[in-house]
Structure formats: C-alpha cells, structure tokens
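This briefing covers the fold, the sheet and the surface of one protein. Please read it alongside the sequence and the structure shown here.

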Amino acid sequence: MNTPSRPHLKSITPTPDQPPAAEPAAPRTAVGEPKGAARKGVPSALRPDPHPGDDRYPIAWLAISSPRYGHMPTATSRCECGWDRSAIGHAQVRALIEAHAAHRTTCPLRNPREGRAAA
C-alpha cells in the first residue's frame, strides 16, 4: 500500500546568479538649503514691526477674582517697586482696590522724586 507523497508547503525561490543592477541615487540637497516657505521668500519675515513701542510698560497689576455667587472674592495688588498685597472678602477687597489706587500717587517708579527736587 503506497501512500501518495505529500505536496511541499513552502516554495523555494531560485537564487539569482548575478546581483541586481544598481539604480542611481536621488540628488542630495546641500547642507543649509532652505526648505518650504523660506525658499519662496516669505516677505513677512523682513517687515518692520507694525506696532512700534511707545516706551510705556505696565508696572502695577490689580487682579480681582470672584469665583461664584456667594463665595468670597480675592484680590492681589502688585507693583514693580515691591508693593505686594492681597485680600480675601468683600470689605478687604474694596479696601485693597482703594489702596492700589492710592499707591499710584506714592509709587517711586511712577513719581520719581529726583526730577522734582532738582528743578
């Protein structure tokens, strides 16, 4: 009793006699060559600032926070001269707002004393 031979499950790929021909490589880009929009010359990169500064900058901040109805409000008042105050509660926040407004007249950064004494 002869049993039929089983078929091979894997096929063996023939090995080529010679290596495949090499394909030419893609041209390489130069180091530092601009890519994308810079190559097209974006004009906005060289435009002057449309909003020139007027030599003013903030030196004092008043931040008031009232999270929800019925909760305690909080506030902080800070200045570049070193003034740093905070308050919690309706009455204290109102008092801090008034103190922040009064600090504007006494702040040494807003009202330098040397210029007035020298004149």
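**Fold and sheet of the protein**

Along the sequence, the elements of the protein come in the pattern α-β-β-β-α-α. That gives three helices and three strands in its secondary structure. The model is predicted.

**Sheet**

- The three strands make an open, antiparallel sheet, and their order in it is β1-β2-β3.
- The edges are taken by β1 (60-65) and β3 (84-88); each has a single partner strand, so one side of each has no neighbour in the sheet.
- From one strand to the next, the twist averages 5°.
- Six bridges join β1 to β2 (residues 74-79), and this pairing is antiparallel.
- Within that pairing, Ala60 has Cys79 of β2 as its bridge partner.

**Helix on the sheet**

- Helix α2 (residues 90-106) packs on the sheet and touches β1, β2 and β3.
- The direction of α2 makes about 15° with that of β2.

**Side chains**

- The charged end of Arg85 lies over the ring of Trp83, at 4.1 Å from the ring centre.
- Aromatic pairs number zero in a search of the whole structure.

**Burial, surface and contacts**

- The protein has 119 residues, of which 12% are buried.
- Its accessible surface is about 11,500 Å², and carbon and sulfur atoms account for 56% of that area.
- Of the contacts between residues at least 6 apart in sequence, 21% link residues at least 24 apart.

Notes: Residues numbered from 1 in each chain as written. Predicted model: local features only at pLDDT ≥ 70, side-chain atom pairs only at ≥ 80, totals over all residues. Heavy atoms only, no water. Helix = DSSP H or I, 4+ residues; strand = E, 2+ residues; numbered from the N terminus. Buried < 20%, exposed > 50% of the residue type's maximum accessible area, 1.4 Å probe, protein only. Contact = heavy atoms within 4.5 Å. Areas by Shrake-Rupley, 256 points an atom, 1.4 Å probe, with all protein chains shown as cover. Phe/Tyr/Trp six-rings, centres within 6.5 Å; stacked < 30°, edge-to-face > 60°. Lys NZ or Arg CZ within 6 Å of the ring centre and 35° of its normal. Pairing = 2+ DSSP bridges. Axes fitted to C-alpha atoms, helices over the stretch in contact; angles between N-to-C directions.
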